Amino acid sequence: MQRREFLKTVAGASMCSMLCSSCSFLQDNIDKNLVGNKFIYKSKVDLPKKIRLEACSLCQLNCPACPSRKNEEQIKKEEGFGYLEFKNFKKLVDDNRQIKEIELSNSGEIFLNPELDKIIKYAYKKKIVLTAYNGVNMNTLSDEMAEILVKYQFRAMIVSIDGATPDVYKIYRRGGDLNKVIANIKKINEFKKKYNSEYPKMVYKFIVFNHNIKDILPAKELAKELDMEIKFEQNAFSWYAPLSKEQKILVEKLTDTKFEDNIVNSFYLYKERNFDWFFCQDLFKSPQINWNGNLLGCCMMKKSMGVNVFKEGLLNALNHPNVLYAKQMVTDFSTPPKKEIFCSECFIYNTLKEEKYDCIVTEV
């Protein structure tokens with residue numbers, strides 16, 4: 001495969017080339033080889049303005065290709081399942097006034113967090129934009145929470161549906177009920193009318209499998225009825241319900257969406273469409289923090305980088321030696337991987353490295 005630049009310039013986070021003399025944590029713990037590393041942040045002012053913070057890793061569904069469900073026992077041993085406590089959320093945003101946007105969804109269902117109402121209200125008070133672009137299943141939503149989402153301006157969310165009829169929906173969204181999902185979306189829409197608000201903006205996400213092709217056209221109509229944009233996506237896991245060549249051609253016509261032969265190739269498609277996002281950019285632009293405060297790095301990570309943001313603070317966490325090394329790994333493939341850094345196990349990192357790309361992130 002021909003070498004080429006994979007992503008646009010990583011923007012947003014201002015990097016500093018000198019070690020913060022006031023940071024005793026770094027002075028005591030940083031690898032001497034990393035002193036002067038260009039990825040070190042000098043102060044909180046330079047930190048990313050956006051973070052990803054898992055509101056809840058618990059989920060009431062059992063989707064067959066879900067990484068969290070397939071690796072449930074391993075996650076229980078390493079990170080565990082749980083939800084973000086309001087006290088930790090409050091302290092994090094109070095200590096980091098530079099934060100302007102927080103993505104709350106990751107591997108679980110945010111609406112299972114019993115303190116989500118407090119989190120949303122406090123974020124609104126602090127003028128912090130909240131999103132759930134990584135997705136919600138919306139099988140559980142109280143009337144009170146539906147109103148809170150609108151009243152306190154929760155900005156946007158992607159609702160994972162993958163069908164237009166209950167029988168097709170439940171093939172993948174096991175344990176879910178499409179009728180409940182639609183009722184909850186309508187509930188939010190009613191409050192949007194009441195408050196004359198455009199928020200939260202909701203996107204109807206449809207992952208295409210070989211069993212739900214017949215629901216594509218009905219889903220388009222349903223999305224219109226629900227006043228939602230619809231987004232068709234390629235299944236990231238080729239082993240589950242893959243499309244035949246004939247189905248792929250049909251789906252591309254029905255959805256007006258290009259589907260690649262594999263998920264890595266589809267990342268290039270994202271770039272060609274000028275989507276200014278990629279998993280590995282999270283490390284630089286919107287670092288992923290787990291519900292318990294452990295720094296994961298990106299939304300693909302399932303294991304801690306070895307530092308806890310709630311205990312060490314965001315500045316110290318992002319300046320942790322493992323994080324600095326991970327950044328070197330994705331900006332220079334000649335950097336040897338380390339077992340303690342989960343990037344080494346990531347199929348995206350390893351696929352791109354094996355196929356002789358220069359790096360994942362080319363400029364910082």
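**Entry 1. Terms first.**
I call a residue buried under 20% relative accessible area, exposed over 50%, and partly exposed in between. K303 has 23% relative accessibility, so I log K303 as partly exposed. I also note that this is a predicted model.

**Entry 2. The whole chain.**
I looked up the overall make-up. The chain has 16 helices and 8 strands. Of its 364 residues, 55% count as buried. I then checked the accessible surface, which comes to about 16,900 Å². Carbon and sulfur atoms hold 48% of that surface. Next I took the contacts between residues at least 6 apart in sequence. Of these, 72% join residues at least 24 apart.

**Entry 3. Salt bridges.**
How many salt bridges does the count come to? I find 18 salt bridges. I looked up several of them.

I began with K231 and E233. Their closest N and O atoms are 3.2 Å apart, and the two form a salt bridge. Are the partners buried or exposed, or in between? K231 is partly exposed, with a relative accessible area of 30%. E233 is at 16% relative accessibility, so E233 counts as buried.

K248 and E252 came next. Their side chains meet in a salt bridge, 3.4 Å from N to O. Both residues lie in helix α10, residues 245-255. They are 4 residues apart, about one turn of the helix. I wrote down the general rule beside this pair. An α-helix has 3.6 residues a turn, so residues three or four places apart point the same way. E252 has a relative accessible area of 19%, so I log E252 as buried.

Then I went back to K303. The side chains of K303 and E345 meet in a salt bridge at 3.3 Å, N to O. Where do the two partners lie? K303 lies in the loop between β8 (295-297) and α13 (309-312). E345 lies in the loop between α15 (321-331) and α16 (347-354). The pair therefore ties together parts that are 42 residues apart in sequence. E345 is partly exposed, with a relative accessible area of 44%. K303, at 23%, is partly exposed too.

I also found a network. Salt bridges that share partners join K90, D94 and K126.

**Entry 4. Strand β1 and its partners.**
I followed strand β1, residues 50-53. Strand β1 pairs with strand β2 (residues 101-103) in the parallel sense, over 3 bridges. In this pair, K50 stands opposite E101 in β2. Strand β1 also pairs with strand β7 (residues 288-289). That pairing is parallel as well, over 2 bridges. Here R52 stands opposite Q288 in β7.

**Entry 5. Helix α4.**
Which residues of helix α4 are buried? In α4, residues 86-95, I find F86, F89, L92 and V93. They cover an arc of only 130 degrees around the axis, so they sit on the same side of α4. What do these buried residues pack against? I noted β1, β2, α5 (116-125), β7 and α13.

**Entry 6. A threonine in α15.**
I looked up T331, which is in helix α15. Which backbone oxygens does the side chain of T331 reach? The side chain of T331 reaches the backbone oxygen of K327 at 2.7 Å.

**Entry 7. Backbone notes.**
The peptide bond from Y199 to P200 is cis, with omega near 0 degrees. P200 is found in the loop between α8 (178-194) and β5 (201-208).

Next I looked at D162. Phi of D162 is near 60 degrees, a positive value in a residue other than glycine. D162 is found in the loop between β4 (156-160) and α7 (166-172). Buried or exposed? D162 is buried, with a relative accessible area of 1%.

Last, I took D256. Its phi is near 55 degrees, also a positive value in a residue other than glycine. The place of D256 is in the loop between α10 and α11 (263-272). D256 has 72% relative accessibility, so I log D256 as exposed. D162, in contrast, is buried.

Conventions. Residues numbered from 1 in each chain as written. Predicted model: local features only at pLDDT ≥ 70, side-chain atom pairs only at ≥ 80, totals over all residues. Heavy atoms only, no water. Salt bridge = Lys/Arg side-chain N within 4 Å of Asp/Glu carboxyl O. Buried < 20%, exposed > 50% of the residue type's maximum accessible area, 1.4 Å probe, protein only. Pairing = 2+ DSSP bridges. Contact = heavy atoms within 4.5 Å. Areas by Shrake-Rupley, 256 points an atom, 1.4 Å probe, with all protein chains shown as cover. Arc of directions from axis to C-beta. Polar contact = N/O pair within 3.5 Å; in protein donor to acceptor, adjacent residues only side chain to side chain.
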